[in-house]
Number of protein chains: 2
Amino acid sequence: MTEGLTAGGARTLATSLLAATGVPGDEAEETAAAIVLGDLWGVPSHGLMRLPYYLTRLVAGGHDPHAEMRTVQDTGPLVTVDGGGGLGHWQLWRAGRTAAERCRRYGVAAVSVANSGHCGALGIYTLPAVRDGVVALAFSNGPAFMPAWGGDRPVVSTSPVAAGFPLADGHAIVDLALSTVARGKIAMHAREDKELPAGWALDRQGRPTTDPHEGLAGMVAPLGGAKGFALAFLVEALTGGLVGPALSTDVRDMFAADDAAKPQGVSHLVLAIDPARTSPDGDPRRRLDAFAESVRTTGGRVPGAARRDPRDIPDDHPVTISDALRAELADWAERLGVGG
Amino acid sequence: MTEGLTAGGARTLATSLLAATGVPGDEAEETAAAIVLGDLWGVPSHGLMRLPYYLTRLVAGGHDPHAEMRTVQDTGPLVTVDGGGGLGHWQLWRAGRTAAERCRRYGVAAVSVANSGHCGALGIYTLPAVRDGVVALAFSNGPAFMPAWGGDRPVVSTSPVAAGFPLADGHAIVDLALSTVARGKIAMHAREDKELPAGWALDRQGRPTTDPHEGLAGMVAPLGGAKGFALAFLVEALTGGLVGPALSTDVRDMFAADDAAKPQGVSHLVLAIDPARTSPDGDPRRRLDAFAESVRTTGGRVPGAARRDPRDIPDDHPVTISDALRAELADWAERLGVGG
C-alpha cells in the first residue's frame, strides 16, 4: 500500500487528471471530491480505484467531458435534467444542491438526472440537504446484476438507496445496495473455494446456491429474497423507469472496456423534504435526535454517523491506496501530461 | 370458516359497525373498504380480523370517531395534516388522494398525517395515485418490535414501505414490512416446537437465534440484518421522526387492551411523483411497462400485480373469515345495535 497520499493531495491529483481530459474546473473538482470521499468513508471500491475507468471512458468518448446539465422541466418543486452523458458525481452533487434549495422553498422537492454516469457512493449526495437541515433520499441505477425473485436473468442493478437526516451532532446517512452482498465478496469465496452463506448468490438459472463457483458464474441475490427484489423493483422503477433513458438491462458497465466509448445511460433521482414543515408540532429535529439517541443507548449504531462531512476532514488526512493503483494513476498523469 | 360473506356484504357490515360507534358515513365507508380490501388482497392479518380491535378502541376512546383531518401546513406540493387521533384508513386514503392531486399540479408532492392510527395494508393507499397515472410511495410506523442491529431493545416498528406504479395493464404495488417475517410465523414455529430458519428472530438480548421459544420471547429480526435495520431507520425517521407525534417506542399497540383508551400516535407519509414530467424523453410509462414485462418474461413476478383495484372486484366476490371472527362481529353488531 502507498503511504503519504493525503485527502487534499488525492483531490488535487484527481482534479488535474479529470481536467486534463477536458472536464471544466468546477466539475472536475466536485467529481474529484466525491471520488476521494469514497476512500475517506471506507468504501474504496467506490473511490480512487474507479478513477482510471472514468478517465478511460472520458478519453474514449463514453462520457462527454464537456457535458452540461440541461433543465428540461422546472415546476419549482420538480426539476428534470438531462445530463448529456456526463460524469455522475458532479451532476448528482448539483442535483442534491438544487433539491435542498427547492425543498427549503416548497417543503418537498425532486430532481431527476437522466443520461448520466456512475456516481460512486450514493450517500454523498444527501450532504447538500443535511447541511441545510433538510432530509434527502437518493436513488440510482446501473448495469443489471440481479434477477427478479424466481427469475433467470438479471433485470435490476444492485439498486442503491441512500437517505440523509440532519442531527444536532452530525447526521445519519443510510447508504446501501439491495443485494445481500457485493459481487466481490462472492469472488473472494470462490478464490478460497469456500462455501457461501445462504442468501448471497444465485446460480445461472436464478436458483439459490452456496457453491461459490456457481454463484460467481451466476448472479448476486437480492437482500432477504423476494422482499429485497420488491425493493429493487421500486428503485429501478424510480430511476431507469421514471428518469431513464435506460432500464438497467441497457445500462453499460463502467468496467466493460468494449463499452468505454458508449454512454452509460445511468439515471438518478433525489427527493428532499423539510422537517421544519412536516409535523403539526414542529418537533421533527428533536425527535430525529431522540431516535438516534435511542439507537445508540440500546447498543446499536446510527447508519452512516461515521461518514463525516468532508468539510470536517482536514486536507492532510491520509488516504491509502494500493501501489498498483498509485502506479496506474502515475501512468495516467504521464499520458495526460499532468505534472506531479 | 364461514362461507357466504361477499365483498359488498363485508363492506356494508364493517361500515355499519364503524358508523354505530360514531364514525361519520364517508369515513366509515372508506375505512370499511380498506379493511375488506386487506382480505381481498390475501392479507387477512390486515383485514376484518382487526375490526373488533378498531371498534374496541373507538368505543374506549383510543380513537376519536369524530376526528377530523386538520391541515396545519399547505405549501401546495406539501400538505401537513393532524389526524386528531382518528382511524388510519380513511385518513391515509384521503392523504393518498391529496398527494395524487397535488402531484398532478406540481410534479411532486408530499402529504404527512400526524397523530393517526393503524391503516391496514399500506399498499392500498397508493391506489389513488396509480389510478391517476402517478407514482406514490407510502411509509407508516407502529409499535416498536425490532431492535437496531446489535441493539438489545426494540426501537423501530416492523417498518412498512409501499410504492405504487401505474402500468398499461394495471399496476405494480410494492408492499412489505422490513422484518424478515411477521411475528405470527415465529409463534407458529414455537407452537410446533420447530427450529426457526436463520435470520428470522433475535433473542431478548438482540442476538440471532433459531430457537422458536427464544425468538418468540425476543424480537423480530430486520430483513437481512444490518441493511434491513438501516432501511427501517429510514422509515422511522420519515414517519415517527418527521411527522410524529410519537416515535415507535411511544406508539401504542392496537392489540393491547390496556391501551385501548389511549391515542395510538401513528404517523404516515405519502410521496407522489408524476412520470409524465420526470424524464427528458417523456417515456417513463413505456419504460415502466417494459420493465414489468422483463420481470415476467424472465420468470419473476411483478410485485403486487395480483392486488386488484377494488373497483374491478365485483361486490359478490366471496370473502372468507373464520367462524370465530364471524361470531365476534355478530356480538359487536348486537352490542352496537346494528341490524343484520
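Two strands pair if DSSP finds at least two bridges between them, the strands (E, at least two residues) and helices (H or I, at least four) being DSSP runs numbered from the N terminus. This is a predicted model, in which local features need pLDDT of at least 70 and side-chain atom pairs count only at pLDDT 80 or more, while totals for chains, interfaces and linings use all residues. Residues are numbered from 1 along each chain as its sequence is written, and chains are lettered from A in the order in which they are written.

**The sheet of chain B**

- Seven strands of chain B form an open sheet with mixed pairing, in the order S1-S2-S3-S12-S4-S7-S8.
- Strands S1 (70–74) and S8 (170–177) of chain B stand at the edges with a single partner strand each, so one side of each has no neighbour in the sheet.
- S1(B) runs antiparallel to strand S2 (residues 78–82) of chain B, to which four bridges join it, and B:Arg70 stands opposite B:Asp82 in S2(B).

**Chain A as a whole**

- Chain A holds ten helices and twelve strands.
- Its radius of gyration, taken over C-alpha atoms, is 20 Å, close to the 20 Å that the globule rule (2.2 Å times the number of residues to the power 0.38) gives for 340 residues, so chain A is as compact as a globular protein of that length.
- The C-alpha atoms of chain A fill a box of roughly 55 × 50 × 40 Å, taken along the principal axes.
- Of the 340 residues in chain A, 59% are buried, meaning under 20% relative accessible area with a 1.4 Å probe and protein chains only.

Technical notes. Heavy atoms only, no water. Buried < 20%, exposed > 50% of the residue type's maximum accessible area, 1.4 Å probe, protein only.
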